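Work through the exercises below with the sequence and the three-dimensional model open beside you. Try each task before you read its solution.

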Amino acid sequence: MALDCSICLTGRSNVVEGDAQAVINMLQGKSQIKACLNVIVQDTLSFICHFLSCSFQFVPRNGNRVANAIAKFALSLDSPLTWQGNFPSWVHREVTFDVSSLH
């Protein structure tokens with residue numbers, strides 16, 4: 001979903017982060033794509049042609065709290081939402097926590 005939304009940023013460089021090491025390895029071409037994950041991996045790889053460059057990076061679970069919070073928030077919505085300007089303060093708190101936990 002995030003890659004789908006970022007297509008409007010065509011021409012930019014993207015770094016896709018994930019906490020599933022096996023999936024990141026498959027996306028990086030470091031391991032063979034497992035049949036049960038083939039659709040997810042192929043869908044993700046199909047988006048990279050839209051960007052100037054795109055890389056995949058593993059992030060430990062304790063470093064992606066903000067992603068989990070945003071995903072949970074998105075699941076609670078009844079209709080699409082677009083943030084313009086500043087992000088909500090709870091996003092900033094989660095980012096601060098993520099950054100501090102990685103040091």
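Two strands pair if DSSP finds at least two bridges between them, and helices (H or I, at least four residues) and strands (E, at least two) are DSSP runs, numbered from the N terminus. This is a predicted model, in which local features need pLDDT of at least 70 and side-chain atom pairs count only at pLDDT 80 or more, while totals for chains, interfaces and linings use all residues. Residues are numbered from 1 along each chain as its sequence is written, and side-chain values use heavy atoms, with hydrogens and water left out.

**Exercise 1. Describe the order of the helices and strands, and how the strands pair.**

Begin by counting: the chain holds 5 helices and 2 strands. Then turn to the strands, where 6 bridges join strand 1 to strand 2 (residues 53-58), and the two run parallel.

**Exercise 2. Sort the residues of strand 1 by face, and locate Ser55.**

In strand 1 (residues 13-18), Asn14, Val16 and Gly18 form the covered face, whereas Ser13, Val15 and Glu17 form the uncovered one. Ser55 has its place in strand 2, and beyond its neighbours within four places in sequence, Ser55 is in contact (heavy atoms within 4.5 Å) with Asn14, Val15 and Val16. Buried means under 20% relative accessible area, exposed over 50%, and partly exposed in between (1.4 Å probe, protein chains only); Ser55 counts as partly exposed because its relative accessibility is 34%.

**Exercise 3. Find the members of the largest nonpolar core.**

A nonpolar core is a set of buried Ala, Val, Leu, Ile, Met, Phe, Trp, Tyr and Cys residues joined through side-chain atoms within 4.5 Å. The largest one has 7 residues, namely Val16, Val23, Ile24, Met26, Leu27, Val41 and Phe56. Helix 2 (residues 21-27) gives the most to this core, with 4 residues. In soluble globular proteins, nonpolar side chains tend to be buried together.

**Exercise 4. Explain how the buried residues of helix 3 are arranged.**

First list the buried residues of helix 3 (residues 38-47), which are Val41, Thr44 and Phe47. They lie on the same side of helix 3, because they cover an arc (that of the directions from the helix axis to the C-beta atoms) of only 125 degrees around the axis. An α-helix has 3.6 residues a turn, so residues three or four places apart point the same way.
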